[in-house]
Amino acid sequence: MVRVGIIGCGGMADAHLGGLAKMEDVRLVGFCDVVERKAEEKGRQHGAPHFTDVRRLIDRTHPDAVYILLPPFAHGEAERAALEAGVPFFTEKPVGNDLARCREIAAEVERTGLLTGVGYMNRYRAGVRRAREVFADDPPVVAYGGWLGGTPRGGGSGDGIGSWWVVRAKSGGQFVEQVSHTVDLVRYVCGEAAEVFMHAVPPRTFNREVAEAYTIDDAAMLSLRFRRGGVADIWSSCAVNAGGGVSLTVHGSRHTAHFTAWEHHLRLVAQGAPDETIPGEPDIFALEDREFLAAVADRDPGRVATPYPDGVKTLELILAAEESARTGRSVRLD
Ligand SMILES: NC(=O)c1ccc[n+]([C@@H]2O[C@H](COP(=O)([O-])OP(=O)(O)OC[C@H]3O[C@@H](n4cnc5c(N)ncnc54)[C@H](O)[C@@H]3O)[C@@H](O)[C@H]2O)c1
């Protein structure tokens, strides 16, 4: 039986609880949120106590692991509390929006050897793992993809796109908060970047009818050069209202991988061989949670696809690109 505490009781708590609540070897021992009503509601639903303070949740419920399901700006305190108590933690992506703080936490994770995981769930997909295997031997020449969506509408936290999402100081913007999935996937499948450059379309260039607080870029295009020699373009926009979606295409010399939609369905084309198709798993959060909690139960960090310090590297790449958008100069990472 693995005892699990939940920190942050919003949209992603629902996404993870869908699977966690059905796992027979998982016990939900406590819920924490700064908004007491939200923690209380989850506690009532799952028959567990609720808290508004992370340390109290850990002290009173003795979890074997905690899930940190907080918006980018709210990270730090929960990770430090878990580290101090030696409690393995899973955190949703991105690891935060403050790189110095995330690097401090990563250093402490490495020093203590605490088991951690970051919610880049696409790394658990069979299609993604197949592509990683293929491109290990066939270095990517060109890759391109990203997330394109419509003008953010709607209201507060928990309504899908919460009010924090459109506030750059809170979410970090669309690249940090959302397209970080594609950046992480590119790192996982193609390898590390050597140099990045970004063009950004400033807030309200196209999105004019938006909330007063809206301060994120309307669009951005990141170009990178891989250490292995190839190049990639990764894009974001939240100002295209006639459709866009999620995609990533990777071309090696001998293979092409097309990932489509949120599920990242794969069509793999190989020179001189039949195409392979691997559908994306719809229940990917449950699959990711299964692996993380098995790693906790078996004390086997090898089962975790993205340990915390690796999640920090994805943030580092994006923030380097954003620095380039501000200065107009490319940034070297190697
Ligand atoms: N993996 C994915 O595909 C995916 C999808 C959506 C969101 N996310 C990520 O998950 C994270 C959470 O997103 P969400 O949609 O659940 O947001 P949300 O706004 O719905 O929920 C966040 C909750 O955290 C609470 N909170 C804020 N600060 C807190 C603190 N210091 N201590 C305790 N509780 C606090 C809020 O009151 C809220 O209930 C974000 O980083 C987001 O990028 C990941």
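Visitor: Of the 24 residues around the ligand, which come nearest?

Guide: This is a predicted model, in which local features need pLDDT of at least 70, side-chain atom pairs count only at pLDDT 80 or more, and totals for chains, interfaces and linings use all residues. Residues are numbered from 1 along each chain as its sequence is written. A residue is near a molecule if its C-beta atom, placed from the backbone, lies within 6 Å of it. Of the 24 residues around the ligand, the nearest are Gly-8, Gly-10, Gly-11, Met-12 and Glu-92.

Visitor: Is Ser-180 buried or exposed?

Guide: A residue is buried if 20 or more other C-beta atoms, placed from the backbone, lie within 10 Å of its own, exposed if 12 or fewer, and partly exposed in between. Because Ser-180 has 26 C-beta neighbours inside 10 Å, this residue counts as buried.

Visitor: Which helix holds Ser-180?

Guide: Helices are DSSP runs (H or I, at least four residues), numbered from the N terminus. The run of residues 174-190 includes Ser-180, and this run is helix 8.

Visitor: How many of the 20 residues of helix 10 are buried?

Guide: Helix 10 covers residues 308-327. This helix is largely enclosed by the rest of the structure, because the number of its 20 residues that are buried is 14.

Methods: Helices (H or I, at least four residues) and strands (E, at least two) are DSSP runs, numbered from the N terminus. The expected span of a helix is 1.5 Å times one less than its number of residues.
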